[in-house]
2 protein chains.
Amino acid sequence: MRTADIIMKKRNGGKLSEEELRFFIQGFVSGEIPDYQASAWLMAVYFQGMDPEETGHLTRLMMESGDVMDLSSLKGPLVDKHSTGGVGDKTSLILAPLAAACGAQVPMMSGRALGHTGGTLDKLESVKGYNVSVSQDELKDIIAAAGYAVIGQTEEIVPADRRMYALRDVTSTVESIPLITASILSKKLAEGADSLVFDVKCGSGAFMKTLAQAEELAASLVKTGESMGRRVIALITEMEEPLGRMVGNFLEVEESWNCLTGVGAPDLMEVTTALCARMLVAGGICGDSEEASALCRSKISSGEGADYFKKNMMAQGADWDWFLSRCGSWRAPVKADFRADRDGYIRDIDAFGTGMCALGLGVGRNKATDSVQPHTGIHFLKKRGAPVKKGDVICELFAVNEGDADKALTALESIVTIGSAPLEAKSLILKEIGA
Amino acid sequence: MRTADIIMKKRNGGKLSEEELRFFIQGFVSGEIPDYQASAWLMAVYFQGMDPEETGHLTRLMMESGDVMDLSSLKGPLVDKHSTGGVGDKTSLILAPLAAACGAQVPMMSGRALGHTGGTLDKLESVKGYNVSVSQDELKDIIAAAGYAVIGQTEEIVPADRRMYALRDVTSTVESIPLITASILSKKLAEGADSLVFDVKCGSGAFMKTLAQAEELAASLVKTGESMGRRVIALITEMEEPLGRMVGNFLEVEESWNCLTGVGAPDLMEVTTALCARMLVAGGICGDSEEASALCRSKISSGEGADYFKKNMMAQGADWDWFLSRCGSWRAPVKADFRADRDGYIRDIDAFGTGMCALGLGVGRNKATDSVQPHTGIHFLKKRGAPVKKGDVICELFAVNEGDADKALTALESIVTIGSAPLEAKSLILKEIGA
């Protein structure tokens, strides 16, 4: 088998066999196939795509390039949720304890902030003591104690993806449905979950800008995941404005805690409940999503969701008193208010712009080696559709210095749009695919 | 400017500016842009193509990556011919002295055998003493003395193409019209010719298998060359059976000499005369190709073409007596005859198969570092359309050992096809493009 022939076959629109894909992926991981051949192949895949069978083989081969966790000793259905990345998206922090309270076991392998999107690991690490680097045995202990665990991807999990993603990033071959599918699914399958829920974000703040793109990715994730014997549901959810009221690291953990104690923003709770309900359905805990949504909500009013949140915090090393004593008050030193310049209704808070604005405040990273600020960010007092009077505070900024604050205030002028007419309320859940 | 953005622009079908192409080519040649980004870009170009302006910029930038010869001190029009590569194609060896005899100056930078195609340099080097490695000053002296010179590509000429071709070869990005155009033209322009004639071969033994592909390449070569201020004519010629009677190294030099002394095979003379005539038209020596063809033929009957052949041989160091004394007799030691297995008419002598068969005899190279045999090859006594009786010798093989000869005899069984009906004679000149 010659690497150039495999590239040519894909370039010409051919279907690669499992054997050819194995030769390619194993050669790529071992370094026998050089990056310059791999990148030509990636570009050929970008143009010619892959059918579901090829995507399934690629996913499995990438998963098998590293460790695959065995969590079968844990009781209860193993369910996880994965989002394609948004702005203000702290649903994981809320739905994991709710799903745990409903009887699910949630092994959650999360990511870090990059570009305009936030990262669950960075958010949790803003809490003193919280540790996301745990061994497989510790992971099982944490899930047994708290119903869920949040950890980072280790070096041993899907090394093929780490190598391939780094190459795709610099060769403009990121935006390919089969490559995205294999990248996401291989990691989720390696972490040992039986059932998976995907939140495919759609809109300005999302990787997928149009509903058609989001549908294509959602369908590919469901089809490929099911072909590998998992129960998979995908929701396409809108990401035009930031989700909830907070964009930041500690700010978002604080907001998550508020949601679990009953004071969540409606948009955030709609998406969180919808996703958590699909986890319960995919995991076989509930028969349909209406029943599951009601069960989720009951775990907020009963306080059980909040209990699991605290259990996880403690199990992963967080200083609970430190956390509680800072909720509502721990903010970066420079505060600035962004105010309405006219009467009207908020028509848009552009999610991508907000993410980039938060990045400027130190919430996120330009590149993977940057560090983040724990206590900077944006707190929206008004969101899309809200009536405002000229001079009303729309959001508060928390920055480490005046320069950052000024830049953010200027940026917000083109991020927030105020119109004359009220908006019609609409659901953020655009579509459900699978199961 | 970011390399990944340039890749993405081309991937998305955008048109690259001269500045973007300069950034890319200079970065690639200097090594600042790594091969893995260059190969992704090459694959994007394969899929999205380039318009004539982009192809022109790419060609010039590649040419400017190395030395550009200045032959302006030579008197008379500087004209060259380039073939896309065929089997038994020794037209260069015949038309260069003919064009020189007609007053053209021909700086001919030629290639070596690779795969099924032969190489002009290998053929000439089969003659004792012939030297193709000469300095620019020596080149001018040779052209001044003999009207033409045949040299190899130096390290200093278009280094971008050498690097890029090596990468295209292993990443399955060879078959791209703009990349082929830039590769061919950048070298031809760097050698200093004012006018160019291209022989775009079409058929089994050619790189372009269909007339549509050949037309696309021919049009691109003409359009791009003209946009750079050169007079360019392309002929598309058929390459379904080997050209002429000989396939080998010394064998083909011998056949070329025979042609110049008046005993050339009709197919070979048709293509050679047609190409030489276009050189005279492109160089402004003749007003049209009929007049030019007649002038070419007159240079054979007058013996002037043969004189220039001898002048070049001497000027490039060949032992003329050694050459003449071996014509008609110098053959590899093992001779084998391939005979007709039935009565009929030769329907086909597959050019690609013949090239591979000759490669097996040592005429060519599997890879660039292989060496070649000077005196092996195939001599066709009958060609397409010829009537044969069972037992007639169709061709003679000359091999260095019995094993090679046996393999070649077996291969010829599927290369030569004999039919029952006579064939209609047809021209090998399929189309003319340009000027």
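# Exercises on a two-chain interface and its surroundings

The side chains of Glu175(B) and Arg11(A) meet in a salt bridge, with N and O 2.8 Å apart; a salt bridge is a side-chain nitrogen of Lys or Arg within 4 Å of a carboxyl oxygen of Asp or Glu. Residues are numbered from 1 along each chain as its sequence is written, while chains are lettered from A and ligands numbered from 1 in the order in which they are written. The model is predicted, so that local features need pLDDT of at least 70 and side-chain atom pairs count only at pLDDT 80 or more, whereas totals for chains, interfaces and linings use all residues; side-chain values use heavy atoms, and hydrogens and water are left out.

## Exercise 1. The interface

Task: describe the interface of chain A and chain B by its contacts, its area and its polar pairs.

Solution. 

Step 1, contacts. 22 residues of chain A are in contact with 22 residues of chain B, contact meaning heavy atoms within 4.5 Å.

Step 2, area. About 1800 Å² is buried between the two chains, and carbon and sulfur atoms give 64% of this. Buried area is the accessible area (1.4 Å probe) that two parts lose on being put together, summed over both. On the side of chain A, the residues that lose the most area to chain B are Arg11(A), Tyr36(A) and Phe47(A), together 35% of what that side buries.

Step 3, polar pairs. The rule finds 2 salt bridges across the interface and 13 residue pairs in polar contact, both residues at pLDDT 80 or more. A polar contact is a pair of N or O atoms within 3.5 Å; within protein, one must be able to donate a hydrogen and the other to accept it, and residues adjacent in sequence count only if both atoms are side-chain atoms.

## Exercise 2. The side of chain A

Task: state which elements give two or more residues to the side of chain A that touches chain B, and how the residues of that side divide by type.

Solution. 

Step 1, elements. Returning to the polar pairs, 13 residue pairs are in polar contact across the interface. The elements that give two or more residues to the side of chain A are helix H1 (3-11), helix H3 (35-48) and helix H8 (159-171). Helices (H or I, at least four residues) and strands (E, at least two) are DSSP runs, numbered from the N terminus. H3(A) gives the most, with 10 residues.

Step 2, types. This side holds 11 nonpolar, 7 polar and 4 charged residues. Ala, Val, Leu, Ile, Met, Phe, Trp, Tyr, Cys and Pro count as nonpolar, Asp, Glu, Lys and Arg as charged, and the others, Gly among them, as polar.

## Exercise 3. Nonpolar cores

Task: identify the largest nonpolar core and the residues with the most contacts inside it.

Solution. 

Step 1, the core. The largest nonpolar core has 120 residues, and Trp41(A), Phe198(A), Val200(A), Trp41(B), Phe198(B) and Val200(B) have the most contacts inside it. Apart from it lies another core, of 82 residues, including Val87(A) and Ile378(A).

Step 2, the terms. A nonpolar core is a set of buried Ala, Val, Leu, Ile, Met, Phe, Trp, Tyr and Cys residues joined through side-chain atoms within 4.5 Å. Buried means under 20% relative accessible area, exposed over 50%, partly exposed in between (1.4 Å probe, protein chains only).

Step 3, one residue. Two salt bridges in chain A

Task: compare the setting of the pair Asp80(A) and Lys188(A) with that of the pair Lys426(A) and Glu238(A).

Solution. 

Step 1, the pair Asp80(A) and Lys188(A). Their closest N and O atoms are 2.6 Å apart.

Step 2, the pair Lys426(A) and Glu238(A). Here N and O are 3.5 Å apart. The pair links distant parts of the chain, 188 residues apart: Lys426(A) is in the loop between strand S12 (416-419) and strand S13 (429-433), and Glu238(A) is in strand S5 (residues 231-238). Lys426(A) counts as exposed, at 59% relative accessibility, whereas Glu238(A) counts as buried, at 7%.

## Exercise 4. Positive phi in chain B

Task: locate Val158(B) and Ser172(B), and give their phi values.

Solution. 

Step 1, Val158(B). This residue lies in the loop between strand S3 (148-152) and helix H8 (159-170) of chain B. Although Val158(B) is not a glycine, its phi is positive, about 45°. Val158(B) is buried, with a relative accessible area of 0%.

Step 2, Ser172(B). This residue is found in the loop between H8 and helix H9 (177-190) of chain B. Phi of Ser172(B) is near 55°, again positive in a residue other than glycine. Ser172(B) is buried, at a relative accessible area of 3%.

Step 3, context. Most residues other than glycine have a negative phi.
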